[in-house]
Amino acid sequence: MELVENHMDEDKMKRHGVITPKSNVYYSCNCFYPEIFFIMIALNELIKLRIMDLTKTKYLYREAMDRKVIWDETIAILRLFQAEFVKCIKETFSAPVFSRWMNLLNADYIHIQEIAGQYIDLLNIKYINMTREKRLKNLSTIVRRIAEFRYDNEHNEIKEVVIEVAKEYNCEPGAIRLQEVEHPENIEW
């Protein structure tokens with residue numbers, strides 16, 4: 001958490017007719033690339049649902065330009081968050097890798113809501129346990145595995161086990177944790 005001066009003094013507040021704090025609070029946190037990529041895809045799905053709710057339709061053709069949607073603050077805030085992450089990724093990847101990454105991020109019919117969350121946990125742990133160089137080298141592969149999770153044997157095996165155990169213990173699949181997945185005490189960011 002960081003306090004940042006917003007350059008508003010009493011004269012400026014009077015001139016603009018507003019009362020604001022003299023500082024803004026900025027929050028930051030460390031995230032793992034596999035998890036944040038999953039979140040970016042999930043936000044795309046959430047935005048689609050928001051568009052369908054606002055336009056009262058079941059299909060997405062030109063609804064993104066509907067007057068109820070185009071100025072929606074919720075969608076704008078989500079897109080701003082996604083844009084900041086994309087800017088970070090663009091600085092990290094070469095142009096061809098970034099282009100492939102964007103295609104994966106914006107692919108249709110991912111149905112990310114069907115992914116086993118435990119699979120993302122496993123990818124995070126694998127990512128954490130890599131060296132910085134290996135992380136960068138393998139990031140595209142991890143991103144592809146998330147976007148194409150339905151075709152990933154490891155995901156399908158995890159999902160099958162999680163569903164079976166959830167039935168056995170009469171709980172939601174999201175409540176199941178994989179025993180082998182332990183976060184290390186020290187993480188090299």
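A nonpolar patch on the surface of the predicted model is formed by Met 1, Leu 3, Val 25 and Tyr 27, which together have about 540 Å² of accessible area. Patches are made of residues with over 30% relative accessible area and no salt bridge, like charges being joined within 9 Å and nonpolar side chains (Val, Leu, Ile, Met, Phe, Trp, Tyr) within 5 Å. Accessible areas come from the Shrake-Rupley method with a 1.4 Å probe, and for residues only the protein chains shown count as cover. Tyr 27 counts as exposed because its relative accessibility is 68%, where exposed means over 50% relative accessible area, buried under 20% and partly exposed in between (1.4 Å probe, protein chains only).

Residues are numbered from 1 along each chain as its sequence is written. In this predicted model, local features need pLDDT of at least 70 and side-chain atom pairs count only at pLDDT 80 or more, whereas totals for chains, interfaces and linings use all residues, and side-chain values use heavy atoms, with hydrogens and water left out.

Rolling a probe the size of a water molecule over the atoms shows where empty space is left. A pocket is an open set of points, on a 1 Å grid over the protein atoms alone, where a 1.4 Å probe fits, with protein on both sides within 12 Å along at least five of seven lines; lining residues have an atom within 4 Å of a point. The largest pocket holds about 740 Å³ of space. It is lined by 28 residues, and those closest to its centre are Asn 44, Glu 45, Lys 48, Leu 60 and Asp 108. Grid points are joined across faces, edges and corners, and a volume is the space filled by probe spheres set on the points. Helix H2 contributes 10 residues, the largest share of this lining, and both H2 and helix H4 (73–92) supply at least two residues each. The lining of the largest pocket comprises 18 nonpolar, four polar and six charged residues. In this classification Ala, Val, Leu, Ile, Met, Phe, Trp, Tyr, Cys and Pro count as nonpolar, Asp, Glu, Lys and Arg as charged, and the others, Gly among them, as polar.

For the second largest pocket, the volume is about 580 Å³. Its lining consists of 20 residues, with Cys 29, Cys 31, Tyr 33, Phe 85 and Cys 88 nearest the centre. Here H4 gives the most, with five residues, while H2, H4 and helix H7 (132–147) each supply at least two. By class, 14 of the lining residues of the second largest pocket are nonpolar, three polar and three charged.

Eight salt bridges are found in the whole structure, a salt bridge being a side-chain nitrogen of Lys or Arg within 4 Å of a carboxyl oxygen of Asp or Glu. One of them joins the side chains of Glu 114 and Arg 150 (3.9 Å, N to O). This pair links distant parts of the chain, 36 residues apart: Glu 114 lies in the loop between helix H5 (95–105) and H6, and Arg 150 in the loop between H7 and helix H8 (153–169). Glu 114 is partly exposed, at 36% relative accessible area, and Arg 150 is partly exposed at 33%.

A network of salt bridges links Lys 126, Arg 145, Asp 152 and Glu 154.

Tyr 127 is located in helix H6 (residues 117–128) and counts as buried because its relative accessibility is 8%. The C-alpha atoms of Tyr 127 and Pro 34 are separated by 7.6 Å, although the residues are 93 apart along the chain.

His 111, in the loop between H5 and H6, has a phi of about 55 degrees and is partly exposed at 28%. Asn 170, in the segment after H8, likewise has a phi of about 55 degrees but counts as exposed, with 72% relative accessibility.

Definitions and conventions
Helix = DSSP H or I, 4+ residues; strand = E, 2+ residues; numbered from the N terminus.
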